[in-house]
Amino acid sequence: MDDVRLEAAELRARTGAVLVGPVDLAIGHGERWALLGPNGSGKTSLLLLAGARRQPVRGSVTVLGERMGACDVRVLRRRIGHTSHRLADSVRGAMTVREVVLAGARGALESWLTEFTAEEAERAAAALERVGCGDLADRQIGSCSQGERARVMLARALVADPELLLLDEPCAGLDLPSRESLVRALDDPGLPTLVLATHHLEELPASTTHAALLREGRLLAAGPVADVLTDARLGECFGMPLEISRHGGRYSARAAS
């Protein structure tokens, strides 16, 4: 069974402008997808549909066996881990790293209104260790570097043991060491079905199995990563001639000479 299935799905802004679609896309259980495209191509909008954050105005969206419009999305969202710039920016800087991750266990932004169980505390500690941030637990999130914050937000997404993980440009703004630390964390074979949206091939973990290319809200290509991440297809997606290379399972791109 596919973990995400979009059938002629379309999302529009309040003005009526098409944000993404119509899109047909199936993401199978255990697959690891890269979602690539330039600014404004519809990556975030597609993740909102896949994460049960928005309802399609046309077509259908089925996530983890639940069809949008015929299920309780509040229950469904608890099965989905999600990170984004908007979520990271909404976290209060005075919270400790432990509190940020614990709040994720309840899908909340604040921890002070909730008493957490010992089991939840253990899960939070395990999630932080999993992303290499166990030693940051007592630090205020506002004092963490951007790279540390990115890994803490990944731990927050993982603490509830999600069945689907959606990452919206998780490496944006990171320096090289921070980016590589996060990419290593994303290569964890124990992660669930994953969709990672980015502008940059260099941010994709070697474990990426599939890719989808978006431009102006339309899906240009989708399928196994080796079939999609080619010079011609990525050149069409980004609107310029590109040369794609791969080393050790990792991709990179540069303008064609």
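Guide: Strand β11 (residues 242–247) and strand β12 (residues 250–255) pair in the antiparallel sense over six bridges. Pairing takes at least two DSSP bridges between two strands. Strands (E, at least two residues) and helices (H or I, at least four) are DSSP runs, numbered from the N terminus. This is a predicted model: local features need pLDDT of at least 70, side-chain atom pairs count only at pLDDT 80 or more, and totals for chains, interfaces and linings use all residues. Residues are numbered from 1 along each chain as its sequence is written, and side-chain values use heavy atoms, without hydrogens and water.

Visitor: What stands opposite R250 in β12?

Guide: H247 does. In this hairpin, two residues lie between the strands, and G248 takes a positive phi near 60°.

Visitor: New topic. Is K43 buried or exposed?

Guide: Buried, with a relative accessible area of 5%. Buried means under 20%, exposed over 50%, partly exposed in between (1.4 Å probe, protein chains only). K43 lies in helix α1 (residues 43–50).

Visitor: What does K43 touch?

Guide: Leaving out residues up to four places away in sequence, its contacts include E169, H199 and L214. Contact means heavy atoms within 4.5 Å.

Visitor: Where does its side chain reach?

Guide: The side chain of K43 reaches the backbone oxygen of P38 at 3.2 Å.

Visitor: And which residues touch the most other members of the largest nonpolar core?

Guide: L154 and L229, out of 53 residues. Helix α6 (residues 146–158) gives the largest share, seven residues. Such a core is a set of buried Ala, Val, Leu, Ile, Met, Phe, Trp, Tyr and Cys residues joined through side-chain atoms within 4.5 Å.

Conventions: Polar contact = N/O pair within 3.5 Å; in protein donor to acceptor, adjacent residues only side chain to side chain.
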